[in-house]
Amino acid sequence: MSAGETGRSTHLYPPSAEVVKKATISGMAAYQALCREAEQDYTGYWARLAKEHVSWQKPFTQVLDESNAPFYQWFADGRLNVSYNCLDRHVDAGLGGKVALIFEADDGQVTRVTYKDLLGRVARFANGLKARGIRKGDRVLIYMPMSVEGVVAMQACARIGAIHSVVFGGFSAKSVHERIRDAGTVAVITADEQYRGGKNLPLKSVVDESLALGGCDSVRTVIVYRRTGGTCAMVAGRDVPWEEVVAGQPEICEPEWVDAEHPLFLLYTSGSTGQPKGVQHSSGGYLLHAILTTKWTFDLKPDDVFWCTADIGWVTGHTYVAYGPLACGGTQIVFEGVPVYPDAGRFWRMIQDHKVSIFYTAPTAIRSLIKAAETTPAVHPSKYDLSSLRLLGSVGEPINPAAWEWYYEHIGGGRCPIVDTFWQTETGGHMITPLPGVTTLVPGSCTLPFPGIQAAVVDEAGHELEWGKSGILVVTKPWPSMIRTIWGDPERFKKSYFPQDFHGKLYLAGDGASRDAETGYFTITGRIDDVLNISGHRMGTMEIESALVSNPLVAEAAVVGRPDDVTGEAICAFVVLKRARPAAEEAKNIANDLRNWVAKEIGPIAKPKEIRFGDNLPKTRSGKIMRRLLRSLAKGEAITQDVSTLENPQILDQLKQAS
Ligand code: WTA
């Protein structure tokens, strides 16, 4: 499917009367009332919600400061602590005994952590960080498995006002190195190894390798959580076991009260240049949106068991694991493993065992589990009791109607609304999404903006298009959880998100979209820049190209995406070697070596699915690579485009064939 363009179904799924009745935002009229409130008094709307849903140590008097646009500020003179909002306020309200986290390990072992326990663990670790000299504003890189400790590390940073930068455990030493240096990191929190799908995968040795790449003098401390007990080298004076950090530390740690604009975290993500960008989020505005979306999109209630399957290394694992559900006092699952271990029934078994009521995952996972269920009847969801579910969610990439319908029928039993949530690392939380008690669902459409969010589809000049036309997705007004800047590169922030083409006034999401001619529902048609979406993970084509050309064999490389049944998009690389074009077995071997090279440079998620070798790449007479032709070749389409500007048309035949 071409990312959503033809991916919308005409079936309508209105919410049942029962769902509407019980939902926090109940009925279309309630949704429209919120939208109207925001239209009539934009700042008043957000101020009301920020007062009602966030606990402030010092209340704010300013709401939105636009004086230095597009560096917008929200609630700037208010003070708060995010960890206080996630933990203390629930314990103070008598919910200390409530289970906050249900941790299920790769091997199936389950650990429950109450709010009181979690607060104690966060406080001890926070005290330990302070004892090691880590202070408010310091950058701390977290390279951890999915674990209670991963959440504790993030919350402890928030508690002392340190800025965390979580790096997904699948990224390479080089990627870790880049992120350590870009942020001027003072401490790294990691684990010896991680368990995933019955395998032990290294973490600490990757950190060691990244530090050995040089230029990381800012890193004074490396804290190592012992997960597997596998051997790992400890450098005296720098490396310290987690147990030692918390030893003797009290379970009380006064939160560091910070201004609402104090950065809560950086999260690196791919853009259209080779260099990942450190997306900077605030404390107050970010927290507000994490709370509102958890309460309204997921309709989280005190008795729910919530499960977001995302890793804490991605933004979804930030907003809907580490912050949103905790800030709302919810009970949630934290899962260490992978959906196919020990078998592809793992998710369904866990939903059954833990009586999960709200389940949030990515279309890629659904598509791969559909395949598994079709080939292995024993892991078909019908073999499990999924009756505890009441709401399903999807995130990260367009969900094709066939996968949507399967999810709806086989997982949701035809009774659970699916919230197809469109958002980005930069937006902090959901932007365009159904609300369960409001929206009539259309498979493949993320439907309507979250109340208060002003989204539009515009043309190249920034003029709003009439419904029914495809164009560029923008957000027309600043919102509380928006990206504040790119760490260390405010110019890139302005250029990437508030381009002059739109007079610096519109937030450019980087996605194309269209609105349904009748309902105004949004459908995302895919990225309009050189960013690919592989299994819901963002990857810049330039990053992969730079990795490829850094291999001594490679002269030139161009990377494009092509549709893939399971991963949404797959990476296809066209490579010119410094030596003659290889064929047959040799081509296979070199392609394999190059794939592993990319895994080592960036991480296994960036491995091209296919590599094709050519004597050259299709170029214009001025030497520009014609990527649209490569995209057609990768898809296996006949070339119907105009190739008159192509300098070397014969190259197309060569690149047509997979090597
Ligand atoms: C894509 C993940 C269609 C989109 C939260 C966006 C989606 C990018 C959806 C952000 C959705 C995310 N439907 N496309 N429901 N959700 N996307 O930063 O292209 O990892 O720009 O944030 O994923 O990816 P990111």
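# Exercises on a predicted model

The crossing of helix 4 and helix 11 is left-handed.

## Exercise 1. Helix 4 and helix 11

Determine how helix 4 is oriented relative to helix 11, and which residues meet.

Step 1. Locate the elements: helix 4 covers residues 82-95 and helix 11 covers residues 315-327.

Step 2. Take the geometry. The two axes come within 8 Å and cross at roughly 45 degrees. Helix 4 is therefore oblique to helix 11.

Step 3. List the residues. Helix 4 supplies Val-82, Asn-85, Cys-86, Arg-89 and His-90, which meet Tyr-323, Leu-326 and Ala-327 of helix 11.

Step 4. Sort them by class: five are nonpolar, two polar and one charged.

## Exercise 2. Helix 5 and helix 6

Describe the crossing of helix 5 with helix 6 and the make-up of their contact.

Step 1. Helix 5 (residues 115-131) and helix 6 (residues 148-160) have axes that come within 8 Å and cross at roughly 60 degrees. This angle makes helix 5 oblique to helix 6.

Step 2. The handedness of this crossing is right-handed.

Step 3. On the helix 5 side the contact residues include Leu-118, Leu-119, Val-122 and Phe-125. On the helix 6 side they include Val-148, Val-152, Ala-156 and Ile-160.

Step 4. The class count is 13 nonpolar, one polar and four charged residues. Among the residues that meet are Arg-121 and Lys-130 in helix 5, and Glu-149 and Arg-159 in helix 6.

## Exercise 3. Helix 4 and helix 6

Find the crossing angle of helix 4 and helix 6, and the residues that make the contact.

Step 1. The axes come within 7 Å and cross at roughly 115 degrees.

Step 2. Helix 4 passes helix 6 with a left-handed crossing.

Step 3. From helix 4 the contact uses Val-82, Ser-83, Tyr-84, Cys-86, Leu-87 and Asp-88; from helix 6 it uses Gln-155, Ala-158 and Arg-159.

Step 4. These divide into five nonpolar, two polar and two charged residues.

Step 5. Compare the lists. Val-82 and Cys-86 also meet helix 11, and Gln-155 and Arg-159 also meet helix 5.

## Exercise 4. The ligand site

Identify the residues that come nearest to the ligand, and give the distances of three polar pairs.

Step 1. There are 17 residues around the ligand, of which Asp-420, Thr-421, Thr-425, Asp-511 and Arg-527 come nearest.

Step 2. Take the ligand nitrogen atoms. A polar side-chain atom of Asp-420 is 2.8 Å from a nitrogen atom of the ligand. For Thr-421 a polar backbone atom lies 2.8 Å from a ligand nitrogen atom.

Step 3. An N or O atom in the side chain of Asp-511 is 2.4 Å from it.

## Exercise 5. Backbone exceptions

Locate two cis peptide bonds and a positive phi.

Step 1. Start from the rule: most residues other than glycine have a negative phi, and most peptide bonds are trans.

Step 2. The bond from Ala-69 to Pro-70 is cis, with omega near 5 degrees. Pro-70 sits in the loop between strand 1 (64-65) and strand 2 (73-74).

Step 3. The bond from Tyr-341 to Pro-342 is cis, with omega near -5 degrees. Pro-342 belongs to the loop between strand 17 (331-335) and helix 12 (346-354).

Step 4. Phe-75 has a positive phi, near 55 degrees, and lies in the loop between strand 2 and strand 3 (79-80).

Notes:
Residues are numbered from 1 along each chain as its sequence is written. This is a predicted model: local features need pLDDT of at least 70, side-chain atom pairs count only at pLDDT 80 or more; totals for chains, interfaces and linings use all residues. Side-chain values use heavy atoms; hydrogens and water are left out. Axes are lines fitted to C-alpha atoms, for helices over the stretch in contact, and angles run from 0 to 180 degrees between N-to-C directions. Helices (H or I, at least four residues) and strands (E, at least two) are DSSP runs, numbered from the N terminus. Angles under 35 degrees count as roughly parallel, over 145 as roughly antiparallel, 65 to 115 as roughly perpendicular and the rest as oblique. A crossing is left-handed if the near helix is turned anticlockwise from the far one by less than a right angle, and right-handed if clockwise. Contact means heavy atoms within 4.5 Å. Ala, Val, Leu, Ile, Met, Phe, Trp, Tyr, Cys and Pro count as nonpolar, Asp, Glu, Lys and Arg as charged, and the others, Gly among them, as polar. A residue is near a molecule or strand if one of its heavy atoms lies within 4 Å of it. A polar contact is a pair of N or O atoms within 3.5 Å; within protein, one must be able to donate a hydrogen and the other to accept it, and residues adjacent in sequence count only if both atoms are side-chain atoms.
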